[in-house]
Structure formats: C-alpha cells, structure tokens
Amino acid sequence: MSSRALRRLKGEQRAQADLNAFKLADEDDREDEGQMKSDKTAHKQRNSSNIFELIGEADVDVNASDEEKAEAISDRQQEGAPLEKDTVKNEKSNKKKKKKKKKTPAESGRDDLSVGDIDAFLETLEKEKGLSYQSTDNSASEHRPVLYVEHRNLNPETELKRYFGARAVLGDQRSKQRQRQLHRCTWMTVFKDTWPRFSRPGISMSLVESKDGIQHFTFEHNRDYQQVQFKFFDAVESMDPNNFVVLLQFNPYHIDSLLQLSDVCRMQEDQETARDLIERALYSFECAFHPVFSLTSGTCRLDYSRPENRAFYLVLFKHMLFLEKRGCPRTALEYCKLILSLDPDSDPLCMLLIFDFLCLRCREYTTLIRLYEEWEVHRNLSQLPNFSFSVGLSYYHLSQQEDISPVENQQLKQKSNVLLQNALIMFPGALMPLLDLCTVQPDAAVSSHAFFGPSSQIGQPPALSELVSLYVGRCHSLWKETELMLWLEENVRKVLKRVDSHDPYVEDCQNKRKQRYQSAPRNIHRHVLMSEIKEATATLPLEVTTQPGMSFDPLPPLDSIVSYIRPERENMGASNESTLSLFFRSLLPNFNLQRPEDRQEVARAGHELNQEVNRLMVAMRDMLANIQFREPQWDDNPDRDEEEWD
C-alpha cells in the first residue's frame, strides 16, 4: 500500500470513528439496555476510536454458532421487538462472509493498525523508500558506464531546484504554462516565448554507419541552408556585427550566426543575451536529431572533421561554460560527459582538461577517481597536470567525510599524500604560480630551493607550460581553503626531503619532462582558445596565435571533410578598377579586367596583412598583461622648499 493510500485511509478512519460514536449514542437513547448484548461490549464501542476494532468484533459475532443466533432472535420476538430489515440483511451478509477466504497475514496486520500506528508506519515506509531508492541508485551507478548521461541532469532547473527549491526557481512559470503554445519536447533546452517562431532551418541528421554497436551520425545542410551559410561568410568578411543581426532577422535559427553573435554579446558584457543565443542554437540542433540518435547511450558518434558537426560541438561547449558560470557545475559535468562520449578516442575539444575541475566543483569525487582508474592504462591521464593534482585532491576530500571508519580514513589520507607528492615531483613548476594566485606567501625554504624556484618554470617544455598554466588558471580557486593549504605545505616539505635524499623517482620524472611535452596536439590548442583563460592563452605558440581564426570554427582540423564549397566571388577587387572597367562591367556583368595573377597577389597581400594584424594584437596583449602600476615616491622631507613647485 502506498503512502498516499495510507494517509487517505487514516482520514477515513477518523471520520468513520466519529460517525460510529454518534450512531452509538443515538442507539443508546432509543433502545433498551436489554437489547444490547452486554454492557462490556457497549462500553468498548463508545470508547473505540479504531474502525478495525469494530470490524473485528463483527467478525467474532459472525463466527458464533447458529444456536446462539436463533436464541437471540427468539428472545427478541418474545419481547415484542420487531425484526428489522437490517438484522435480516446482516444475517444474509454474515452467511456470505463465511464463504469468503481468510485474509492474508499482511492484510490482517494492516487491519490491526490503529490511527497512531499508521503515523509510525508511514514514517518507516518513507525511510525504507528512501533507503531503497538510495541503494538502487548506488548499485545502478556502479554498473553504469563512467560517461553515462542522465536526462534529468541535462536540465539546469533540476540542480537549481535542489539548491533553492522549486518555488524559487519556477516563479511565475507555472501560471504561464497554460498559455504557452505547444512545442516539441526537448531534453537540453526548453522553447522560450521570447524566441522567434520556430521553423526548420534546413538542418537534418542522417545515420552514416552502424558497426560493433557504435552508430556514426552526421548533420547535413540542405540547399537553402547552404545559401544562408554563404551569406554568413560574407557577413564575417565584412567585420560588421550588424550584418549578423540582419541575417538572423530572416533566419533566426542559423547556427553559425547565433554562435558569432553570442561571442559579440559576451565581449560586450551582455551575458544573458549571449547565453540565450546559445540555447536557441541548441534547440535548433535538438529538433534535427535522428530518431535513433541517443544522448545517454554513449554509443553515438559525430565526426569532428565535418564542418556540419563542429557547430554542435561548439554549441555544447559554450553552453557548458555558461552553466558553470551560472552556478550549475553538476549540469555542466553532464554536458562534459556528453561531448566526450561523442568522440572519446580523439577528443577534439580535449574535454579531459576540464573534466576534473567540474567533478571537484560538484563534489563528484568517485566519478573522477573511476575515470582515472579506467582510462589510465590506455590514455596516461597521470601525464596531465590537472588529473595528477585533482585525483589526489579527490582522495583527500573523501578522507574528510564523517561517515567512514578510521581505518578507511587513514588509507585514503595516505593515498592522497602519495598522489600529491608524485604530482609535485612531476610538475614542480605548478607550485609557485598556484600559491601566487591563491595569494599565499611561500616559505623561504621553499622559494629559495632550486627544485621549486624560477628555474623550474623557465626550463619547462612549451607544451607543459601550456598545460600547467591552464590548470593553475582554472583550478586555483579550489585550493583556497586553510586545510588544503596546510595539507599542501606538509607534502611540499616531504617532497623537498625526497629531492635532497636523491630519490630515484625525482630523476625519472625529470627525464620524462625532457622527452615529452615538446609540442601540444591541435585539440589542446583549440581547448585553450575556447576556454579564454589568460594564463594559458599567453603560452600559446606563435603559429597558433598568428594564423587567422574565427570563433565559429576555431582551429579547424587539417583533414577536414568538405561536403559543399562556397562559390568564388566575381566582384573581387572591384573597388580598385578604373572608370573604363566599371563601364564595361555595367554593359557586360561577367567582364573582369583583373588577371588571375593579380587576384592571387591581392589574396596573398590580404593574408600577409592578417598575419601582421594578429602579431600586433599579440604584442599589445603581452604589453597590457605586463603593465605594472607603481606608486610615486614622495619626498618625506618636511623642510623642503615649496617654492620649487612654483
């Protein structure tokens, strides 16, 4: 029996008890004491507050012998009391009750419950229900894949309701739901009334192949959408954001225009509009999903080398960043799993560099440890600074929980110490920048030691400097706790002792740093550009910062698969043409006086100009980052001659 049925039964019992008491009092006034079976039974009925007791007594009368019933009827006839129809009906019903089966022990136990017992039973039922749900969730999560995505966690309102309550999150949305028009049910976003009317923009998804339980999909653009895409390229070359606004007025769900305009709004500090544009693009993608495509199975793949699929990756990534800034790290972690499951082998956006940060933000320590243990063999996650530090930090947080035994606490604490010491030995250049961003002054013994000194940062390979700067710039806020700093200080001292004692592990890590991290792969550069963390952006190599790139397609892969080509613009260089050439062009639209060699020179000059502009922007960025304001030194001599200022 459910808790709702028990509560309803409880109310019926109380109402029936009051009704029975009223009936019994009325019968006392009308009937004589001789018509009652016994004073003891009547006293029980007056004081009874449980309907199950009355039913129990009726059952006792039913089981009485037929001779006693006949005697009772004859006594009433002799006294002159007429046989009422109710008594006849009761006799017939009693005969039918004999034929009924006996109640099961569970039903009899429920019948014996009193009103007070029902309250206790409800409490125990809710506790058992909560424990059963918890046990089933834990058992199910252990058997699920580590990249399993839950539909309910893709909605940020689920996490916000957990923090602030449904009433604070929904607000007036419940009253507006009746007036809202019907739209397609989606998991990642909900259609907003402020959005333009949705009409399919021309994007569809098709199944490429299905092999070994893995299904490969791709997005496709129809002919109309391709024409809009060509107009978008023209708007990009114009370098005017107003052209994107005009394009979205006629095509409100064009993906690349929404991405580009979202970046423009974000640069103008309009975060709400930027997030809204990304959600609109996400809704457009979700409406184009293939019927077989699943977000949660983890067996659906999208090839990043296709330009049509890249926009979906970028929309998910930007939506994840907005969720993390909004204060929904659990929802952001779910989107991180989704992006990583679309191509876990190549990981085009390098989601492993942010996976640990989101796990620590939402306190999913076991998820991070499980991914580390399962992927360490074939992915070497310990060679990434973020995993090397974050896994040890996860073990430390688990050791601080109160519901573990002292033995388990000691084991977790010891394991966290070993992992943190190994991380400090492998990546010594991360300590001083981490303490600097946490506004902690290191000890003189630590800052003066050669192992953690400036040479550890200068001697790092370029790829390692990029990874360390990315981790420190993103995760330094996770270390701003007094207990963590004390734990870090304790292990730093142990590392210095191991270095001074010439531990062979120190030399092994030094050799690994020299051999590896010479050049970072393209997906790491792409992740750094999209994350926009200034500590990591400053470490990007020159060949990445100087080449032209657009936010709607940052660092496209070298093996890109192009499904359709943009037609060449015939009016290139028309502004430099003479009056005679313009006259001939008015007569013959296909006339072009400029030779192909001249067009190539113009294109080459434009490319060189873009490189020069990018170099200038990099130099300006470095100059602004290194500017330090110094307060003027005033002369404290009170006897100075004030006439000098005249």
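E490 is partly exposed, at a relative accessible area of 37%, and K494 is partly exposed too, at 32%. By partly exposed I mean between buried, which is under 20% relative accessible area, and exposed, which is over 50%, with a 1.4 Å probe and protein chains only. This is a predicted model, so local features need pLDDT of at least 70 and side-chain atom pairs count only at pLDDT 80 or more, while totals for chains, interfaces and linings use all residues. Residues are numbered from 1 along each chain as its sequence is written, and side-chain values use heavy atoms, with hydrogens and water left out.

Back to the pair. The side chains of E490 and K494 meet in a salt bridge at 3.5 Å, N to O; the term needs a side-chain nitrogen of Lys or Arg within 4 Å of a carboxyl oxygen of Asp or Glu. The two residues are four apart in helix α25, and therefore separated by about one helical turn. Helices here are DSSP runs of H or I, at least four residues, and strands are runs of E, at least two, numbered from the N terminus.

How far should the 19 residues of α25 span? At 1.5 Å a residue, residues 482-500 should span 27 Å, and the end C-alpha atoms are 27 Å apart, which agrees. The expected span is 1.5 Å times one less than the number of residues. Buried residues of α25 include L484, W487, N491 and R498. The buried residues pack against α19, α20, α21, α22 and α26, contact meaning heavy atoms within 4.5 Å. Just after α25, H502 takes a positive phi of about 60°.

Next, other salt bridges; the structure holds 21. D263 and R266 form one at 3.3 Å, N to O, and both residues are buried. They sit three residues apart in helix α13, so about one helical turn separates them. In helix α14, E279 and R275 are four residues apart; their closest N and O atoms are 3.3 Å apart in a salt bridge, and both are buried. Both also belong to a salt-bridge network with K192, E272 and D276.

Now M320, in helix α15, residues 307-326. Is M320 buried or exposed? At 0% relative accessibility, M320 counts as buried. Leaving out residues up to four places away in sequence, M320 touches A332, Y335, C336, M351, I354 and L358. Y335 is 15 residues from M320 in sequence, and their C-alpha atoms are 6.1 Å apart.
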